[in-house]
Amino acid sequence: MWISTDNGLCRFDGYRLRTYRSSPEGDSLFQNNFIRFLFQTAQQQLLLITGPTDIELFSPQPETVSRLSVSGAVPGGGILRAVQQLPDQTIFLVAENGTSF
């Protein structure tokens, strides 16, 4: 089970809780600790909203992160709030004003 928090991304495997956090040394996976929203894709990757227009794609095996910024692409200059995936694997981003793209 994956849990998004304002202090990192947590994974509970049924026995213990592991937390993934950013690090001031710069050797961390994530840009910051505030995981606003998470979505697990059909491919078992996690799409994490980590900022108003920042998305990180986390692959648990191996532990890698790809960063994507959609700054300027959010309709109406809104803030990202959610992610949805259709049965055909198309992914939509949802902004706070209700628009999706």
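**Notes on the β4/β5 hairpin and its surroundings**

1. Start with the hairpin of β4 and β5: five residues sit between the strands, and Gln44 takes a positive phi near 65° there. Strands here are DSSP runs (E, at least two residues; helices are H or I, at least four), numbered from the N terminus. Bear in mind that this is a predicted model, where local features need pLDDT of at least 70, side-chain atom pairs count only at pLDDT 80 or more, and totals for chains, interfaces and linings use all residues. Residues are numbered from 1 along each chain as its sequence is written, and side-chain values use heavy atoms, with hydrogens and water left out.

2. A bit more on Gln44. The loop it belongs to lies between β4 (37-40) and β5 (46-51), and its phi is positive although it is not a glycine. Gln44 is partly exposed, at 47% relative accessible area (buried is under 20%, exposed over 50%, partly exposed in between; 1.4 Å probe, protein chains only). Its side chain makes a 2.7 Å polar contact with that of Gln40. For a polar contact, read a pair of N or O atoms within 3.5 Å; within protein, one must be able to donate a hydrogen and the other to accept it, and residues adjacent in sequence count only if both atoms are side-chain atoms. Pro60 is 16 residues from Gln44 in sequence, with 8.1 Å between the C-alphas.

3. On the pairing: β4 and β5 run antiparallel and are joined by four bridges (two strands pair if DSSP finds at least two bridges between them). Phe39 has Leu47 of β5 opposite.

4. Now the packing. The largest nonpolar core has nine residues: Trp2, Leu9, Tyr20, Phe30, Ile35, Leu38, Leu46, Leu48 and Phe58. A second, separate core has eight residues, among them Phe39, Leu47, Val70 and Leu80. A core in this sense is a set of buried Ala, Val, Leu, Ile, Met, Phe, Trp, Tyr and Cys residues joined through side-chain atoms within 4.5 Å.

5. Leu46 is worth a click. Leaving out residues up to four places away in sequence, Leu46 touches Trp2, Leu9, Leu38, Phe39, Gln40, Glu56, Leu57 and Phe58 (contact means heavy atoms within 4.5 Å).

6. Two other backbone spots to check. Gln89, in the loop between β8 (80-85) and β9 (91-95), has a positive phi of about 80° although it is not a glycine; Gln89 is partly exposed at 37%. The Gln61 to Pro62 peptide bond is cis, with omega near -10°, and Pro62 is in the loop between β6 (54-59) and β7 (64-69).
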